[in-house]
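Reader: I have a structure open on my screen and would like to learn how to read it. Could you take me through some of its features?

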Amino acid sequence: MPHAELKYSSDLEIDAAAILATIEAVILEHDAGAGACKGRAYPADQFRHSHIAVSVALLSKPHRDEAFSKALLADLESRIKAQLGQPCEFSLGLSYSTPFYVTHFHPG
């Protein structure tokens with residue numbers, strides 16, 4: 001299950017839920033078996049310079065190679081930026097979890 005985090009300066013008018021939904025949709029367009037993308041958004045009231053930093057993490061899989069990663073990163077960048085209505089610094093990172101990472105549903 002992929003993860004996405006948005007960290008951004010609170011002076012930006014951002015629809016975080018829409019951006020997180022877009023990230024999930026883009027991932028699924030590239031890899032239909034990726035599953036739902038857990039997402040969180042963190043506006044920062046204390047900051048220096050208007051910015052948004054987006055982090056996306058997926059599990060390592062053989063088909064998620066360099067070509068896959070470059071294409072996914074390019075699509076994520078263009079689709080996220082299309083939802084930003086104000087000028088700001090932009091950062092986007094795509095990472096892959098190590099084999100020593102556990103993710104599953106905990107039923108309580």
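**Salt bridges**

Author: Let us start with a charged pair: R40 and E5 form a salt bridge, and their closest N and O atoms are 4.0 Å apart. This pair links distant parts of the chain, with R40 in strand β2 and E5 in strand β1 (residues 3-9), 35 residues apart. Before we go on, note that this is a predicted model, where local features need pLDDT of at least 70 and side-chain atom pairs count only at pLDDT 80 or more, while totals for chains, interfaces and linings use all residues. Residues are numbered from 1 along each chain as its sequence is written, and side-chain values use heavy atoms, with hydrogens and water left out.

Reader: What counts as a salt bridge, and how many salt bridges does a search of the whole structure find?

Author: In general, side chains of opposite charge can pair when their charged atoms come close. Here the rule is a side-chain nitrogen of Lys or Arg within 4 Å of a carboxyl oxygen of Asp or Glu. The search of the whole structure finds six. In one of them, K7 meets E5 at 3.9 Å, N to O. Another joins K70 to E66, with the closest N and O atoms 2.8 Å apart. K70 and E66 both lie in helix α2 (residues 66-81), four residues apart, or about one turn of the helix. Elsewhere, salt bridges that share partners join E5, K7 and R40 into one network.

Reader: How are helices and strands assigned?

Author: They are DSSP runs, numbered from the N terminus: helices are H or I with at least four residues, and strands are E with at least two.

Reader: Why does K70 count as exposed, and why is E5 partly exposed?

Author: The labels follow cut-offs: buried is under 20% relative accessible area, exposed is over 50%, and partly exposed is in between (1.4 Å probe, protein chains only). K70 counts as exposed because its relative accessibility is 53%, and E66 is exposed at 55%. E5 is partly exposed because its relative accessible area is 24%. R40 is partly exposed at 28%, as is K7 at 42%.

Reader: Is S97 buried or exposed?

Author: S97 counts as buried because its relative accessibility is 14%. S97 sits in strand β4 (residues 89-97). Leaving out residues up to four places away in sequence, S97 touches L58, L59 and S60; contact here means heavy atoms within 4.5 Å.

Reader: At what angle do α1 and α2 pack?

Author: Axes are lines fitted to C-alpha atoms, for helices over the stretch in contact, and angles run from 0 to 180 degrees between N-to-C directions. α1 and α2 pack at about 150°, with their axes 10 Å apart. They are therefore roughly antiparallel, since angles over 145 degrees count as roughly antiparallel, under 35 as roughly parallel, 65 to 115 as roughly perpendicular and the rest as oblique.

Reader: Which residues of α1 and α2 meet?

Author: Among them are I19, T22 and I23 in α1, and F68, A71 and L72 in α2.
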